[in-house]
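Good morning, and thank you for coming. Please look at the sequence and the structure as they come up, and I shall then go through them in order.

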Amino acid sequence: MKFFIDTANLAMIEEANALGVLDGVTTNPSLMAKEGISGKQNIHHHYLEICNIVDGDVSAEVLGITFEEMIKEGEELAALHPRIVVKVPMTKDGIKAIRYFSEKGIKTNCTLVFSSGQALLAAKAGATYVSPFLGRLDDISTDGLHLISEIRTIYDNYAFQTQILAASVRHSMHIINCAKIGADVVTCPLAPILSLLKHPLTDSGLDQFIKDSKKMK
Ligand code: E4P
């Protein structure tokens, strides 16, 4: 299972990358705005900075909502760097844009997916990644993991190559459950990844080993 970090914060991306387990980055307009990035030139420059840190796919979301806007923007984004993945919202125009990009060999990430039907359409259109939003479904008392499991079954039934990118992942149990279900990728902030490190028996065991190692010197 691949680990992507879901942030546009360069320091956090560097910290995650230094762990040696990072496979890519996802961003969205809210995450970019949070870093104060605005204007086409700055946006493009920021994506290039991310690509220079991480040796993996970097999702860059189109801001336009019509087919024409998405195509223009997506082609510009894809031309920035070979590892840029054009992130396109799950709409009628978005699906048409994904088909267009797929035929041109441009990688895509279909975002804001909340149902199996939407995921099926994204795969039919040739999306490289589909992003079901796990945490946001849980937020409204709907079982986000069940959706990921349904998409896994559907994709396996027909050998769709679209990768399931579990998004809106909020904590370490989300990551573990996604791994059990067979999600291809999880994307989340740094904290849930770091919390996978933690176990109280590891801490107490290490304390004891450190104490005993002093007796060996
Ligand atoms: C996915 O690509 C989105 O950027 C992200 O995972 C959304 O997460 P959130 O629901 O925590 O905002």
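I begin with a term: a residue is called buried under 20% relative accessible area, exposed over 50%, and partly exposed in between, with a 1.4 Å probe and protein chains only. By that rule, 46% of the 217 residues of the protein count as buried.

Two remarks on the source are in order. This is a predicted model, in which local features need pLDDT of at least 70 and side-chain atom pairs count only at pLDDT 80 or more, while totals for chains, interfaces and linings use all residues. Residues are numbered from 1 along each chain as its sequence is written, and side-chain values use heavy atoms, with hydrogens and water left out.

Let me turn to the overall fold. Helices (H or I, at least four residues) and strands (E, at least two) are DSSP runs, numbered from the N terminus. The protein has 11 helices and 8 strands. Its radius of gyration is 19 Å, close to the 17 Å that the globule rule gives for 217 residues, so the protein is as compact as a globular protein of that length. That radius is taken over C-alpha atoms, and the rule is 2.2 Å times the number of residues to the power 0.38. Along the principal axes, the C-alpha trace spans about 70 × 40 × 30 Å.

Contact here means heavy atoms within 4.5 Å. Of the contacts between residues at least 6 apart in sequence, 57% join residues at least 24 apart.

Which residue does the UniProt annotation "active site" cover? According to that unreviewed entry, it is Lys-87. Such positions are given in the numbering used here, feature names are shortened, and annotations may be inferred rather than shown by experiment. Lys-87 belongs to strand β4, residues 84-89, and is buried, with a relative accessible area of 4%. Beyond the neighbours within four places in sequence, its contacts include Thr-26, Thr-27, Asn-28, Glu-61 and Asn-109. A polar atom of the Lys-87 side chain lies 2.8 Å from the backbone oxygen of Thr-27.

Next, helix α6, residues 116-125. Its buried residues are Ser-116, Ala-119, Ala-122, Ala-123 and Ala-125. Among the elements that cover them are α5 (92-103), β5 (108-113), β6 (129-132) and α8 (144-158). After α6 comes Gly-126, with a positive phi near 95 degrees.

Now the aromatic rings. Rings of Phe, Tyr and Trp (its six-membered ring) pair if their centres lie within 6.5 Å; planes under 30 degrees apart count as stacked, over 60 as edge-to-face and the rest as tilted. The whole structure holds 6 aromatic pairs. One of them joins Phe-4 and Tyr-129 edge-to-face, at 5.8 Å centre to centre with 70 degrees between the planes. Phe-4 lies in strand β1 (residues 2-6) and Tyr-129 in strand β6, so this pair ties together parts that are 125 residues apart in sequence. Phe-4 is buried at 0% relative accessibility, and Tyr-129 is buried at 2%. The rings of Tyr-158 and Phe-160 have centres 6.2 Å apart and planes at 50 degrees, so that pair is tilted. Tyr-158 is exposed, with a relative accessible area of 58%. Phe-67, Tyr-100 and Phe-101 form one aromatic cluster.

Finally, is Leu-134 buried or exposed? At 0% relative accessibility, Leu-134 counts as buried. Leu-134 lies in helix α7, residues 134-139, and its contacts more than four places away in sequence include Leu-145, Ile-148, Val-169 and Cys-178.

Technical notes
Polar contact = N/O pair within 3.5 Å; in protein donor to acceptor, adjacent residues only side chain to side chain.
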